[in-house]
Amino acid sequence: MKSFLEFKNVKYFYQTKENEIKALDDVSFSINEKEFTSIVGPSGCGKTTILSLIAGLLFASEGEIILNGKPITKNDGRIGYMFQRDHLFEWRTIWQNITIGLEIQKKDKDPEKLAFAEQLLKKYDLYNFKNKKPRQLSGGMRQRVALIRTLVLEPELLLLDEPFSALDFQTRLKVCDDVYDIIKSEQKTALLVTHDISEALSMSDKIIILTKRPATVKEVIKISFHGQTPLAKREDKEFGKYFEMIWRNLV
Amino acid sequence: MKRKNKNKIISYSKARKQYLKRIKKDKILVLFWQIALFVLFLGIWQLLADNGVIDPFFFSSPSRIVSTIIDLANEGNLWIHIWTSLYETIIGFIIATLLGTIIAIILWWSEKIRRIMEPYLIVLNSLPKIALGPMIIFWVGSGTWATVVMCVLICIVITTISMLNAFISCDSDKILLMKSMHANKFQILFKLILPNSIPEFTSVLKINVGMSWVGTVMGEYLSSKAGLGYLINYGSQILKLDIVMASITLLCILAAVMYLLVSPLEKKYKR
């Protein structure tokens, strides 16, 4: 498989008034197409910096980032971003929320795109809520809407920044399953950033472990389970072994 | 068994009934005291004035206020005064709210301008705007426009500061989300920042109702030929304090009506 996203010796320095902070030191890794990859690392190690670099909102001080054969030089709309909170706009209906990206990119008159948005809503059981306001939906449903909002734009790569951390544990397992299901059935390449080892394990094909700041790649672990869904994977007897392996790498 | 069940339902609905009854009772009680306080206040005022405990020349009385209002209305000038104050207030209110919001948008747009303007905003905010009164008369002349300018000056700084705070307190992840969807700054402003700030905007409207009346009365004190502020000033100069009290009563009513028109907006958009 050819690599879809590639970090080549990426360094990043934060500038503050007092001094220069080295956030990333020589980070290199690659992600394959349609693969689900997670990045775990100690808190404050620069996970979100990596996402911002990929999204083209920050730029590498040294090194190169290549997405689908083209280097990332600006925020060029190839990326879908999902956040800790769903950030649905309360003044818009569900339909208006998921089509906001089309509106921004002036594609909201394109019948093909609108049909795709509608189809996504139908497929993931949200069509009946089309004209509802976000506050009328449960936390899990809202997070699903947020995911559909990014999928409508058909991004090449999906970035997930701890997208479940604002949910309570029960909802979290359920939403984790749902989101995984949607990403797999839409055949998206995804990169998840999290500090939750179990979450990373239950969703990923590959886990990249970072050291503490300045971050470098400490280990890349390929994951394979018998189970299919994140919930089933959690019950796999290998789960504990993987968990320990990653945990030992983190401390 | 059946009987027990039935009892259960009855006892549940009883509790519910009691609860609803209590809420209704509370509501009536509050309303009763609101009205009672008003009636009591007027009654005691009238009584004290009638019995000469307080001098109605200085303190007026409800009956004198009512008859003064009727007299003024019959003379035909009252409507001119009310109308003058009302439109000065409304024009000032609209200009201040719009201009203040536009300035806030400009300051949100450019962090540089914001940082440059910050000390000026602070000074302007703490400056008692009434101090500019004499200058306003030299600048725009006396009369309606002086009053409108005073009204705008009093409302605009607080509008700008409140709206700017609302704009910059918008969640940075929401802005990041818009950027990740390739939104430009205009789109971020119109699709996120402005609709996101509607709750704050409605509270600014509410504050400005009060502030714009302050501005109008201040402006009319300074220089005017008509208006309720003028009437208050005139009444005190010719020592007809009934006119002063009647004007204050009318101001109360007008401000309350304007407030009632604006406050449903705030409830509607409350988060």
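Colleague: Which domains does the assignment give chain A, and what are their bounds?

Modeller: Domain bounds come from an automatic or database domain assignment. For chain A that gives domain 1 (3–78 + 157–250) and domain 2 (85–155). Keep in mind that this is a predicted model: local features need pLDDT of at least 70, side-chain atom pairs count only at pLDDT 80 or more, and totals for chains, interfaces and linings use all residues. Residues are numbered from 1 along each chain as its sequence is written, while chains are lettered from A and ligands numbered from 1 in the order in which they are written.

Colleague: How many residues does each domain of chain A put into the contact?

Modeller: Two residues are in contact if their C-beta atoms, placed from the backbone, lie within 7 Å. The C-alpha centres of domain 1 and domain 2 of chain A are 25 Å apart. Domain 1 of chain A brings 13 residues to the contact, and domain 2 of chain A brings 10.

Colleague: Which element gives the most on the domain 1 side?

Modeller: Elements are DSSP runs, numbered from the N terminus: helices are H or I with at least four residues, strands are E with at least two. Helix 6 of chain A gives the most, with six residues. Strand 7 (157–161) and helix 6 (169–185) of chain A are the elements giving two or more residues to that side.

Colleague: And by class?

Modeller: Ala, Val, Leu, Ile, Met, Phe, Trp, Tyr, Cys and Pro count as nonpolar, Asp, Glu, Lys and Arg as charged, and the others, Gly among them, as polar. The domain 1 side in chain A has eight nonpolar, one polar and four charged residues.

Colleague: How many residues of chain B are in contact with chain A?

Modeller: 13 residues of chain B touch 15 residues of chain A. On the chain B side, helix 8 (172–180) and helix 9 (185–196) each give two or more residues. Helix 8 of chain B has the largest share, six residues. The chain B side splits into five nonpolar, three polar and five charged residues.

Colleague: At what angle do helix 4 and helix 11 of chain B pack?

Modeller: Axes are lines fitted to C-alpha atoms, for helices over the stretch in contact, and angles run from 0 to 180 degrees between N-to-C directions. Helix 4 (residues 78–109) and helix 11 (residues 228–237) of chain B pack at about 125°, their axes 7 Å apart. Helix 4 of chain B is therefore oblique to helix 11 of chain B. Under 35 degrees is roughly parallel, over 145 roughly antiparallel, 65 to 115 roughly perpendicular, and the rest oblique.

Colleague: Which residues make that contact?

Modeller: Helix 4 of chain B uses B:His81, B:Ile82 and B:Ser85; helix 11 of chain B uses B:Leu228, B:Gly229, B:Tyr230 and B:Leu231. Four are nonpolar, three polar and none charged.
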